[in-house]
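Here are some friendly notes to read alongside the model. Keep the structure open and look up each residue as you go.

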Amino acid sequence: MATLYGYFRSSAAYRVRIALNLKGLAHDQVPVNLVKGEQRGEANLARHPLGLVPSLETDEGVTLVQSLAICEYLDEVHPTPALLPADPAGRARVRALAQLVACEIHPLNNLGVLKYLVGELGADEAAKLAWYRHWVAEGFQALEAMLTPEAGSGDFCHGDTPTLADLCLVPQVFNAERFECDLSPYPRIRRITERCRALPAFAQAAPGAPAVAGAE
């Protein structure tokens, strides 16, 4: 059985939990408490030298890092249901949507950056929140513009089944809600998120779900 090392509120770990659930893959969850600094401990650094989560130890004993790489690995090894479309253009679009969240929005607002803003640069709570909300708005404005039916969006970010893009979107919306970002300008994002959250694979991966809360 695979083992996922993560933190219940980590967007990156949340993505992988959804992927594992969609694939119907049983797995253990081992918590790495980011607030307590456990990510900088020797055990986690041995798995992930950058001191981040998630890490996935596969059934074969291979340790994988970086959430998008892990999700694509799972998609290659367990191809049904597919997280990427069959056509090259569709795959490129889904990867672009996923990377907009994972590579543009999330890195600017993760815990390490927020701690640095406060601890090293002296930002107060209001400044920290302004920073967070600014970068969410920048990214979501672009994402909302890309989620049109003409571009390929349907019930989900691409077409009518969940893809890698949805795995990235839903955790980012969760964090935006935690920081009380105004999501009213993004009806497509809100609609797709609600449809995803209605699926058991997404609901059971959420930070408040029993299986996840038990691994805090």
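**Notes on the model**

1. Let us begin with a cysteine. Cys196 is buried, as its relative accessible area is 0%; buried means under 20% relative accessible area, exposed over 50%, and partly exposed in between, with a 1.4 Å probe and protein chains only. The closest cysteine sulfur to that of Cys196 belongs to Cys157 and lies 6.4 Å away, too far for a bond.

2. Before going on, a word about what you are looking at. This is a predicted model, in which local features need pLDDT of at least 70 and side-chain atom pairs count only at pLDDT 80 or more, while totals for chains, interfaces and linings use all residues. Residues are numbered from 1 along each chain as its sequence is written, and side-chain values use heavy atoms, leaving out hydrogens and water.

3. Back to the cysteines. A disulfide is a covalent bond between the sulfur atoms of two cysteines. Here it is counted when a pair of cysteine sulfur atoms is within 2.5 Å, and by this rule the count comes to 0 disulfides. Cys168 is another case to look at: its closest cysteine sulfur is in Cys71, at 6.9 Å, too far for a bond. Cys168 also counts as buried, at 1% relative accessibility.

4. Helices (H or I, at least four residues) and strands (E, at least two) are DSSP runs, numbered from the N terminus. The axes of helix H4 (residues 88-109) and H7 come within 7 Å and cross at roughly 30°. That makes H4 roughly parallel to H7; angles under 35 degrees count as roughly parallel, over 145 as roughly antiparallel, 65 to 115 as roughly perpendicular and the rest as oblique. The axes are lines fitted to C-alpha atoms, for helices over the stretch in contact, and the angles run from 0 to 180 degrees between N-to-C directions.

5. Which residues of H4 and H7 make the contact? From H4 come Val94, Leu97, Ala98, Val101, Ala102, Ile105 and His106, and from H7 come Leu164, Ala165, Cys168 and Gln172; contact means heavy atoms within 4.5 Å. The residues of the contact of H4 with H7 divide into 9 nonpolar, 2 polar and no charged. In this grouping, Ala, Val, Leu, Ile, Met, Phe, Trp, Tyr, Cys and Pro count as nonpolar, Asp, Glu, Lys and Arg as charged, and the others, Gly among them, as polar.

6. H7 has another partner to find. The axes of helix H1 (residues 11-22) and helix H7 (residues 164-178) come within 9 Å and cross at roughly 135°, so H1 and H7 are oblique to each other. On the H1 side, Ser11, Tyr14, Arg15, Ile18, Ala19 and Leu22 meet Leu167, Cys168, Val170, Pro171, Phe174 and Asn175 in H7. The residues of the contact of H1 with H7 divide into 9 nonpolar, 2 polar and 1 charged.

7. Now try a glycine. Is Gly139 buried or exposed? Gly139 is buried, with a relative accessible area of 10%, and its place is in helix H6 (residues 125-146). Leaving aside neighbours within four places in sequence, Gly139 is in contact with Leu100 and Ile105. The C-alpha atoms of Gly139 and Val101 are 7.2 Å apart, although 38 residues separate the two along the chain.

8. A loop residue comes next. Thr58 sits in the loop between strand E3 (55-57) and strand E4 (63-65). Thr58 is buried, at 8% relative accessible area. Not counting residues up to four places away in sequence, Thr58 touches Ala2, Leu64 and Tyr73.

9. Finally, please check some backbone angles. Most residues other than glycine have a negative phi, and most peptide bonds are trans. The peptide bond from Val53 to Pro54 is cis, with omega near 5°, and Pro54 lies in the loop between helix H2 (42-47) and E3. Thr80 and Pro81 are also joined by a cis peptide bond, with omega about -5°. Gln66 has a positive phi, near 70°, and is partly exposed, with a relative accessible area of 44%. Glu180 has a positive phi too, near 55°; Glu180 is exposed, at 64%, and lies in the loop between H7 and helix H8 (187-197).
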